[in-house]
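Me: I would like to go through the labels attached to this model and ask what each one rests on. Please set each value against its cut-off.

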Amino acid sequence: MSQRRLDGVVNMADVRERARRALPRAVFDAIDGGATDEVTLRENRAAFDRIGLRPRALGDISHRDISTTVLGQRISMPLMLDPCALARVCNPDGEVAVARAAGDADTIYAVASASGRSLDEIVAAATSPLWYQLYMPADREAMGPLLDRIERAGFAALCLTIDSAVLHKRERDLHNHLTLPLRLSGRTMLAAASRPRWSLGYLLGGLRRGSRLEIGGGFRALEAISRTVEEQAPVTFRDVAWLRERWKGKLVLKGVMRAEECRRIVDLGVDGIVVSNHGGRVLDGTRATIDVLPEVVEAVDGRAEVFIDSGIRRGTDIVKALALGARACLIGRPYLFGLAAGGQAGVSRVLEILRVEIEQTMALVGCATVADIDRSLVHVSGDGYRSPG
């Protein structure tokens, strides 16, 4: 059934539309929307459109390889999955389905700290490396046992989110009466009756033969998100230094949006930086991440790997980001929409569409491997480039 619901899906806009049909409006808006006027939400996309590609001619692209390495781990393509806490609300299988799809695609999945499925379930389902996303809690005493548990579970990296220390205003959610502590209002649940498949999955778990009855699973997922958001605290350089000393594995900071802090961040021993504005969901009016990426790459100067998310909807976007210095990209909304539209198969369809687009774009700009992608392949409006012809 999931596969049939994906018939005719050929791009991210199609996936989004299938998710819109599958989800109650309040849930769809909670994923699709951004902060206040949603200027940054729109700018994240518009900025990619302002970047032009400059194809190389006459290159040998007869044998192509789009694989790359991230923090020493080889993955099949320069695309990973962002931590997104609403997975269980989209589909009963939630993060378990996402982990399986990431494993099938041989790429990395960053698991949200407010997951609707248990870590044991997610780890058991995974066949490719997992990162664990961490919000710094106000109670630092709780950190030790949590870090020990993450380490024992075998997560390949810790991804500390630093850009959402206080509550943000999302007006779509307010109009839909979806407020903290997160809960679906009676009016919203009544509206959800028009989505019976979603409603049963949210309340009882999966509908497949042999699936486990999970009464109230969707409500518990929203409660976990609420607890995580309410308990998080601002992150300081001192906190990062403490975490670097305590956590011996790879450490990634997510939410960097200016170059000035990067040298100090890297001096603390951070292994990776994600240029991210949370997809425009936290602070409206920030610059698009693709516009910020070059200055962060320059400031880091090869001492850590730089990644980017927010606004990525095409394989061309990913090639543009790599040309401007990103090691790899991450997506959030697209795979959540895929999950809502078709479960694990929907996430896999999203990854396959983007994989094909990455390979096609690389071939058409004259790159046989990811290593062939460089700054000469793009023209950014206002960067002063003039053709010698």
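Me: Why is Leu58 called exposed?

Reply: Leu58 has a relative accessibility of 89%. Exposed means over 50% relative accessible area, buried under 20%, and partly exposed in between, with a 1.4 Å probe and protein chains only. The value of 89% is over the cut-off, so Leu58 counts as exposed. The residue lies in the loop between β1 (51-53) and β2 (68-70), and has a positive phi of about 70 degrees although it is not a glycine.

Me: What kind of model is this, and how are residues numbered?

Reply: This is a predicted model, in which local features need pLDDT of at least 70 and side-chain atom pairs count only at pLDDT 80 or more, while totals for chains, interfaces and linings use all residues. Residues are numbered from 1 along each chain as its sequence is written, and side-chain values use heavy atoms, with hydrogens and water left out.

Me: What makes His278 buried?

Reply: Its relative accessible area is 17%, which is under 20%, so His278 is buried. His278 is found in the loop between β9 (272-275) and α15 (289-300). Its phi is near 60 degrees, a positive value in a residue other than glycine.

Me: How do you know that Ile318 is buried, and which residues is it in contact with?

Reply: The relative accessible area of Ile318 is 0%, under the 20% limit, so the residue is buried. Ile318 sits in helix α16 (residues 315-323); helices are DSSP runs of H or I with at least four residues, strands are runs of E with at least two, and both are numbered from the N terminus. Leaving aside neighbours within four places in sequence, Ile318 is in contact (heavy atoms within 4.5 Å) with Pro78, Leu79, Ile312, Cys329 and Ile358.

Me: Why is α2 called roughly antiparallel to α17?

Reply: The axes of helix α2 (residues 12-22) and helix α17 (residues 333-364) come within 10 Å and cross at roughly 170 degrees. Axes are lines fitted to C-alpha atoms, for helices over the stretch in contact, and angles run from 0 to 180 degrees between N-to-C directions. Angles under 35 degrees count as roughly parallel, over 145 as roughly antiparallel, 65 to 115 as roughly perpendicular and the rest as oblique. The crossing angle is over 145 degrees, so α2 is roughly antiparallel to α17. Residues making the contact include Met12, Val15 and Ala19 of α2 and Phe337, Ile353 and Leu354 of α17.

Me: What makes the pair of Phe28 and Phe337 stacked?

Reply: Rings of Phe, Tyr and Trp (its six-membered ring) pair if their centres lie within 6.5 Å; planes under 30 degrees apart count as stacked, over 60 as edge-to-face and the rest as tilted. Phe28 and Phe337 are 5.4 Å apart centre to centre with 25 degrees between the planes, so the pair is stacked. The pair links helix α3 (residues 25-32), which holds Phe28, to helix α17, which holds Phe337, 309 residues apart.

Me: Why is the pair of Tyr132 and Phe155 called edge-to-face?

Reply: The centres are 5.5 Å apart and the planes of Tyr132 and Phe155 are at 80 degrees, over the limit of 60, so the pair is edge-to-face. Tyr132 is in strand β6 (residues 130-135), and Phe155 in the loop between α8 (143-153) and β7 (157-161). Tyr132 and Phe155 are both buried.
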